[in-house]
Amino acid sequence: MKAKELLNIYRNYAVIGVSENKEKFGYKIYQKLKEKKYQVYGISPIYQSVDNDKLYPNLESIPAPIDVVVFVVSPKHVQYYVDEMRNIGIGYAWMQPGTYNDETIEYIESHGIKVIKDCILKQTEND
């Protein structure tokens, strides 16, 4: 499935790596999805909230179903969240530039999760 199709079909997103720092991509992606009226949940093991929105420590603590997980973290943190995705039944991992390598992509796909490798900000800027 292509990135645009994913955005047109699915409405519930989790962004892993949300930051309070407005210059970081985790913040920008989270805010862009909210601006575009997606249901979006932020994941951060460091921050409790961003702009008065509650952040969650992991995927399993989100109180709603998630369709797509957007990764904005180092590849070394991906495996933990992929295991959570498999346990919960989330089928799509949207990897931002710099968040993956061949090993992480192989790991994700070996768990039956489909991977999108594209900048989500580029895909949402002209909608």
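Val15 stands opposite Gly42 in strand β2, and that pair is a handy way into this predicted model. Strands here, like helices, are DSSP runs numbered from the N terminus (E, at least two residues, for strands; H or I, at least four, for helices). Two strands pair if DSSP finds at least two bridges between them. By that rule, β1 (residues 12-16) and β2 run parallel over five bridges. Gly42 also stands opposite Leu55 in β4, where β2 and β4 (residues 53-56) pair in the parallel sense over two bridges.

A word on the ground rules. Residues are numbered from 1 along each chain as its sequence is written. Because the model is predicted, local features need pLDDT of at least 70 and side-chain atom pairs count only at pLDDT 80 or more, while totals for chains, interfaces and linings use all residues; side-chain values use heavy atoms, with hydrogens and water left out.

Back to β2, residues 39-43: four of its five residues are buried, so the strand is largely enclosed by the rest of the structure. Buried means under 20% relative accessible area, exposed over 50%, and partly exposed in between (1.4 Å probe, protein chains only).

On one pairing, β5 (residues 68-71) joins β6 in parallel over four bridges, with Val70 partnered by Trp94. On another, β6 and β7 (residues 114-117) pair in parallel over four bridges, and Met95 has Lys117 as its bridge partner.

Right-handed means that, with the strands pointing away from the viewer, the path from the first strand over the helix to the second runs clockwise. One such unit is β1, α2 (residues 25-35) and β2. Another is β5, α3 (residues 78-88) and β6. Then β6 turns up again, with α4 (residues 102-110) and β7.

Next, the charged side chains. A salt bridge needs a side-chain nitrogen of Lys or Arg within 4 Å of a carboxyl oxygen of Asp or Glu, and the count comes to four. Among them are these:

| Pair | N to O distance |
|---|---|
| Glu35 and Lys32 | 3.5 Å |
| Lys34 and Asp53 | 2.3 Å |
| Asp118 and Lys122 | 3.9 Å |

The Lys34 and Asp53 pair links distant parts of the chain, from helix α2 to strand β4, 19 residues apart. Lys34 itself is partly exposed, at 29% relative accessible area. Glu35 and Lys32, by contrast, both lie in α2, three residues apart, about one turn of the helix. As for the remaining pair in the table, Asp118 is buried at 18%, whereas Lys122 is exposed at 52%.

Zooming out, the chain has five helices and seven strands, in the order α-β-α-β-β-β-β-α-β-α-β-α. Its radius of gyration, taken over C-alpha atoms, is 13 Å. A compact globule of 127 residues would come out near 14 Å, so the chain agrees (the rule is 2.2 Å times the number of residues to the power 0.38). The C-alpha trace spans about 35 × 30 × 25 Å along its principal axes, and 46% of the residues count as buried. Of the contacts (heavy atoms within 4.5 Å) between residues at least 6 apart in sequence, 61% join residues at least 24 apart.
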